[in-house]
Amino acid sequence: MDIQFFESNARRQDSSLRVAVDRIHNKLQHLQSEKQLIQLVTELLCELSESRHVLAFKLSFDDQRTPYFERIAAAESTALSTQPLPCTQHLAINTRTKPLYKAYVANCPTVLHEAELLTEIHPHGEENQQAMMLPVHDVEKPIAMFMLFDAKSPYHINQIVRYIPLFNALNHVRRLLKASPINAHKLTKLEQSFKQNYSLLETLSPNPILILKKDLSIARINPSLEALLGFDNSQLVNEHISKIIPEHHKHQHKLRIALSFQHIGQANKQHITINTAESVPLNLSCSIVKIMEAGEVRILILMLDQHDDHSVQQRYELELARFKALSELVPIGILQTDENWHTRYVNNKWLETLGVERQDVNKLNWTQLFSTEQAESILANLYESLNCHQTFEFEGSIFTNYEKELWIHFEARPLFDMQGNLSGFIASIVDTLFIIILKNV
């Protein structure tokens, strides 16, 4: 399978879109209904498209089973902010609006120019020269129709491509909201469990990792950096970065200057000098990346010690061996790929869960864990998420080599090389029945 088929440079570089997608996932704990979710997406579309008004409709039926469009969300953008609006208007399906109904059902984005139709849709439609209609479907079922009005630049039908990650996030969070209380609770617990697992993988990383807050205070360091510097994590948390990377000019730290020109997910390679606990300077090459973590901007610094290349390589190999050994103790399947998605490493738990041999997951053969009907959609969404520097999750049933049906949770996170380029991903797989049994022990 050629993953270049899914490449989209525009979406990968759209930092504002990535922030919007993060906001949807981060609001999950606070959303009480699908209507609140639609309102959030409406406001985000208003900001992203620079439209003055965005409305959201869904198809409803009256007592006589006559279809009409019910307005379920609205937002207005001003010079200061984006504000929600009351939802009182409904849109009858008549001769003028019937093309909208057909496009909505067929999931066909449309740019509108007809003045009478615009007036029918929006109270101030006569002021608009054009509008854009973006229907959103989940599989084959229509969910909502977003109507964008009065943008600073003309609408174009190809703009729908830009919002695909936003609508994917809408569908994902919507499914979680529609889950039963028991399933929603299970998914929340499962998400916490996987965050803990990935925290463990960060802890086991053979590369020194430094996480900073937006104000350049230290959020945490991993054990590899502790060993390199001789500092304990508790000695550095909440301290300013200048404690270990000197600040030559007050309020002009080189990291602050570099990051001021950097977007979320964009990597910046630098050479830095960092001081150990004994005040010994070390020359390091590092990749600096702005990330989102729990809704907050964080700065991830991935380091490579260059003061002694031979000893660094030895330490790297030892830490890598340690990582592989400890990954065999984790009760989840782990698979790591290279930039072509070819299998680089897989632990025994992955093979055991799926009932396969190591040669069965060589190169791209690991993708066979998804059925033929699922594979194209899942892998396309996986590619989209990774290239937006996002975590991808899938929960559903699969069949093992022994024709045994399993309900599994699959999660993948992007990996980056020293230049900050996407270099593959690390994925985990777990039989959700195992988690339920484990909780009840």
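Visitor: Which residues are buried in α3?

Guide: This is a predicted model: local features need pLDDT of at least 70, side-chain atom pairs count only at pLDDT 80 or more, and totals for chains, interfaces and linings use all residues. Residues are numbered from 1 along each chain as its sequence is written, and side-chain values use heavy atoms, with hydrogens and water left out. Buried means under 20% relative accessible area, exposed over 50%, partly exposed in between (1.4 Å probe, protein chains only). In α3 the buried residues are Leu37, Ile38, Gln39, Leu40, Val41, Thr42, Glu43, Leu44, Leu45, Cys46, Leu48 and Ser49.

Visitor: Why is α3 largely enclosed by the rest of the structure?

Guide: Helices (H or I, at least four residues) and strands (E, at least two) are DSSP runs, numbered from the N terminus. α3 is largely enclosed because, of its 16 residues, the number buried is 12.

Visitor: What distance does α3 reach from its first C-alpha to its last?

Guide: The expected span of a helix is 1.5 Å times one less than its number of residues. For the 16 residues of α3, 22 Å is expected. The model comes close to that, with a reach of 22 Å.

Visitor: Which residue just after α3 takes a positive phi?

Guide: The phi in question is about 55°. The residue that takes it is Glu50.

Visitor: How many salt bridges are there?

Guide: A salt bridge is a side-chain nitrogen of Lys or Arg within 4 Å of a carboxyl oxygen of Asp or Glu. Side chains of opposite charge can pair when their charged atoms come close. By this rule, the count is 4.

Visitor: Which side chain meets Glu34 in a salt bridge, and how many residues apart are the two in sequence?

Guide: The partner is Arg174, at 3.2 Å, N to O. Glu34 lies in helix α3 (residues 34-49) and Arg174 in helix α6 (residues 164-178), so the pair ties together parts separated in sequence by 140 residues.

Visitor: Which residue forms a salt bridge with Glu352?

Guide: Both residues lie in helix α12 (residues 348-354), 3 residues apart, about one turn of the helix. The closest N and O atoms are 3.5 Å apart, and the partner is Lys349.

Visitor: What relative accessible area does Trp350 have?

Guide: Trp350 lies in helix α12. Contact means heavy atoms within 4.5 Å. Not counting residues up to four places away in sequence, Trp350 touches Gly333, Ile334, Leu335, Val361, Leu369, Phe410, Ala427, Ser428 and Ile429. Trp350 is buried, at 0%.

Visitor: Which strands are joined to β17 by bridges?

Guide: Two strands pair if DSSP finds at least two bridges between them. With β17, 4 bridges join β13 (residues 333-337), running antiparallel. Another 9 bridges, also antiparallel, join β17 to β16 (residues 405-416). The strands are β13 and β16.

Visitor: Which residue in β17 is the bridge partner of Arg413?

Guide: Arg413 also forms a salt bridge with Glu411, the closest N and O atoms being 3.7 Å apart. Arg413 is partly exposed at 28%, whereas Glu411 is buried at 4%. In β17, Gln336 has Ile426 as its bridge partner. For Arg413, the partner is Ile426.
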